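Here are some notes on the model, written as numbered points. Please read them with the structure open.

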Amino acid sequence: MKKTIITSVIALSLATTSCDSYLDINQSPTSPAVENLTASMIFPAAEMAFANSYGDYFRITGGYFAQHYSQMFGTSNYMDYSQFKQSSVRSSSTYTNLTTRTLQNMETVRSMSTDKEEWGTYLAATVIRVATYEALVDCYGEIPYSEGLDISNVTPHYDDGQDVYTALVTELNDAIEKVNGTESVCTNFLLPGAKAAEWVKVANALKLRLLMRMSNAVDVQSQLSSLIAQNNFPSADVAWEGCWSNSSGQANPFYQEEFATYFGSTQQNVVLNLALYSTMNAADDARMKAFFDPNVVKGEYTGAISGTNFSTTADYKANYWCRPVMSYDSPLYLISRFEVEFFLAEYEARYGSAAAAEQHYIDAIAASFASAGVSGYETVLAAYPWDKANYKKCIGIQKWVALSGTNNFEAWCEMRRLGYPTFGNVTGDQLYNVNTDSYQPSLLEPGTLYTPIQCNSSLGSNKVLQRWPYPESSANRNQNTPDYKGDATPVFWAK
């Protein structure tokens, strides 16, 4: 089995010293003998396979499901996402990419590292592995975990999401315990040249995310208290940056999908959603200019409506809408400093000091502004002040806004867990009438969502999509696939 997995790695056409060709998986390099393969030859492409999916497909779907994004005039690529729909087919190739190119190959790295007692590399591979499994549970609820990487088993058992999360925390603890901090790590793009001590901080941040999501379903307060007492988290955003170039297969994945013309396509799909626009506009939020470009007609910000791409009238053509700010070398965020601060604010609000909770809330918003490269976070605090009695609302709305420019997928996760933003008292049909072209954005209350036009009928009104159908590539021939629980059934941490 191990030799089979390693052989599959050779086909990845790995880059070991730069981002060149990190996704050029169809190239055939001079293939080394299996016995000469090293972690530095395997890790970079396996890592970038995760980054490609997490920073592109997960970002796009998360952006639509969180109502950060709406659909551009004249295109329909993501209209289903805009209507809170997901299918087993649409996510299937992404699931396959993550299981075969990331999880299987990172397990090979972990095996190699164990044999050679290279514990820094083992920790780094565990971090990427955990981040991958976490994202899959957050999407599907239940996934093949305990049997999922056994390539001889075509009918793996689906493990409960809570069991997977518990195992992932254990994996991180085990990997952290193996290092003293001075160990080197193999070639990688996330923290190039960093010793194990820096990877411990990233592992702790991921563990914080896991435990906070678990906390409504299982008592993990003692684990959280111990982790937070260590206060050993990243002091800055953790992101893939400085490794992208402006050419096919080497640019930021979201940029390559939505903005580049490397493949001859000029189609644009993603635009600013009214729900996000109205919330940021009400607070005179300076992050707007860091997250989205104004429209080219009037140089203004406008918000489009989920579930439609508007009519053919002149006012609603493509140039009326606002596109995300994105370049070929934009960072791709794994976890941001402001996310850590928001989690700490929530922890203190639930278990600790009211004063500390408020300070972490302030620090989270300030950190988001710093990450965006803008000033003026005080205006947001004035519009959305801390309220201990409604801490979920404060944190939920502001985390949703902050993540809109960095990690839309995590915003979709956190709004499901925290329950904010909530739905307002108007629907997409009231905000925009597709028959009369009547557009009334002022009807939407800032800080609220709305039911999309032609919304997912299996979900119903005033509900966020809670999970994805099991991927076709995993479930199609697997009799152990559970019955689908339905679009409105939360994953374990959102119940």
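1. Helix axes here are lines fitted to C-alpha atoms over the stretch in contact, and angles run from 0 to 180 degrees between N-to-C directions. Helices (H or I, at least four residues) and strands (E, at least two) are DSSP runs, numbered from the N terminus. The model is predicted: local features need pLDDT of at least 70, side-chain atom pairs count only at pLDDT 80 or more, and totals for chains, interfaces and linings use all residues. Residues are numbered from 1 along each chain as its sequence is written, and side-chain values use heavy atoms, with hydrogens and water left out.

2. Helix H8 (residues 221-230) packs against helix H12 (residues 337-351) at an angle of about 125°, the axes being 12 Å apart. That angle makes H8 oblique to H12 (under 35 degrees is roughly parallel, over 145 roughly antiparallel, 65 to 115 roughly perpendicular, and the rest oblique). From H8, the contact (heavy atoms within 4.5 Å) involves Gln221, Leu224, Ser225 and Ile228, and from H12 it involves Leu344, Tyr347 and Tyr351. Five of these residues are nonpolar, two are polar and none is charged. In this count Ala, Val, Leu, Ile, Met, Phe, Trp, Tyr, Cys and Pro are nonpolar, Asp, Glu, Lys and Arg are charged, and the others, Gly among them, are polar.

3. Helix H5 (residues 119-140) has 22 residues and spans 31 Å from its first C-alpha to its last, close to the 32 Å expected at 1.5 Å a residue (the expected span is 1.5 Å times one less than the number of residues). H5 is mostly covered, with 22 of its 22 residues buried. Buried means under 20% relative accessible area, exposed over 50%, and partly exposed in between (1.4 Å probe, protein chains only). Gly141, which follows H5, has a positive phi near 85°.

4. Glu410 sits in helix H16 (residues 408-418). Is Glu410 buried or exposed? Glu410 is buried, at 2% relative accessible area. Beyond its neighbours within four places in sequence, Glu410 is in contact with Tyr54, Arg209, Arg213, Glu339 and Leu403.

5. Most residues other than glycine have a negative phi, and most peptide bonds are trans. Gln67 has a positive phi, near 60°; Gln67 lies in the loop between helix H2 (39-65) and strand E1 (69-71) and is buried, at 0%. Asn462 also has a positive phi, near 55°, but is partly exposed, at 41%.

6. The peptide bond between Tyr420 and Pro421 is cis, with omega about 0°. Pro421 is in the loop between H16 and strand E7 (422-423).
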